[in-house]
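User: Could you take me through the spot where the ligand sits? I'd like a close look at what surrounds it.

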Amino acid sequence: MLDFDSGVLAPAAGEFTRRLSDMAGAYADSEAVRSLLAHDDPVMYAGYDASVPPEAGHLTFRTTIVMPGTIGSEYFMTKGHHHIRDSAEFYLGMSGTGLLLMQSRSGDFAQQDLEPRASIYVPPGWAHRTINTGNVPLIFLAVYFGDAGHDYESVADVGFGWRVFRGAAGPELRAEAVDGA
Ligand code: PAN
Ligand code: ZN
């Protein structure tokens, strides 16, 4: 059972939690990261994993709950990744509002609104990252191949072409120089 309001999946194989210290380098304002980590290490996002074998032929799924907030003025986000085996993924918005950013290996960029009932296709070979642009938790479901695997290094190395900041009139996307994309 999926609880659309809390993101709880039950039964689940386990829960995962990512804190700021797990992704300190992902944010533009390294000084804001340093001063926050000096007295706190907040949970940025968490979620629940389905009990599905991580093997070819299976479809596995997981919920994610991204907390609301900013580092400096950059919205809380997920680390973002490629799949080790390039393969597609399906995202379903459950609660809250945000963005799904996608970037191909050749540097093409796309974004989709992630909101309740949004059904989004992530094509094979596109890295993906979610951003919570609202004031409440952003909750969504992701469905992907059991043997897809997660590659975080290439996103950490190359970065994403766009960052999302809180602006006076709402979320602002700003282009970012990326290495090698
Ligand atoms: C999602 C993500 C989840 C956490 O289930 O794994 O939102 O984001 P990171 O994996 O980038 O930390 C997904 O895309 N799975 O493949
Ligand atoms: Zn994925």
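Predicted model: local features only at pLDDT ≥ 70, side-chain atom pairs only at ≥ 80, totals over all residues.

**Ligand site and open pocket**

Analyst: Helix H2 (153-158) and strand S14 (162-167) each put at least two residues into the lining of the largest pocket. The top contributor there is H2, with four residues. This pocket holds about 290 Å³ of space. It has 19 lining residues, and Gly25, Ala26, Arg129, Val155 and Ala156 are the ones closest to its centre. By type, the pocket lining splits into nine nonpolar, three polar and seven charged residues.

Now for the ligand itself. Ligand 1 takes up the space of the largest cavity. Searching the whole structure turns up one cavity of 30 Å³ or more, and the largest cavity comes to about 190 Å³. Its lining is made of 20 residues, with Arg62, Thr64, Thr78, His81 and Tyr91 nearest the centre. Strand S1 (14-19), S3, S7, strand S11 (126-132) and S12 are the elements that each give two or more residues to that lining. Sorted by type, the cavity lining has seven nonpolar, eight polar and five charged residues.

What about the shell around the ligand? There are 17 residues around ligand 1, and the closest are Tyr45, Arg62, Thr64, Tyr91 and Tyr152. So far as strands go, strand S3 (59-66), strand S7 (89-95) and strand S12 (138-145) each hand at least two residues to this shell, and S12 gives the most, with three. The shell's make-up is six nonpolar, seven polar and four charged residues.

Tyr45 has a side-chain N or O atom 2.5 Å from an oxygen atom of ligand 1. For Arg62, a polar side-chain atom is 2.7 Å from an oxygen atom of ligand 1, and for Glu89 the corresponding distance to a ligand 1 oxygen is 2.8 Å. As for exposure, ligand 1 on its own would show 400 Å², and the protein buries 100% of that.

Putting the pieces together, Arg62 turns up in several places: it is among the residues closest to ligand 1, it is one of those nearest the centre of the largest cavity, and its side chain has that 2.7 Å approach to a ligand oxygen. Thr64 and Tyr91 are likewise among the closest to the ligand and among the nearest to the cavity centre.

Notes:
Residues numbered from 1 in each chain as written. Chains lettered and ligands numbered in written order. Heavy atoms only, no water. 1 Å grid on protein atoms, 1.4 Å probe; cavity = no way out; pocket = protein on both sides within 12 Å on 5 of 7 lines; lining within 4 Å. Points joined across faces, edges and corners; volume = space filled by probe spheres on them. Nonpolar A, V, L, I, M, F, W, Y, C, P; charged D, E, K, R; others polar. Near = heavy atom within 4 Å. Polar contact = N/O pair within 3.5 Å; in protein donor to acceptor, adjacent residues only side chain to side chain. Areas by Shrake-Rupley, 256 points an atom, 1.4 Å probe, with all protein chains shown as cover. Sits in = over half its atoms within 2 Å of the grid points.
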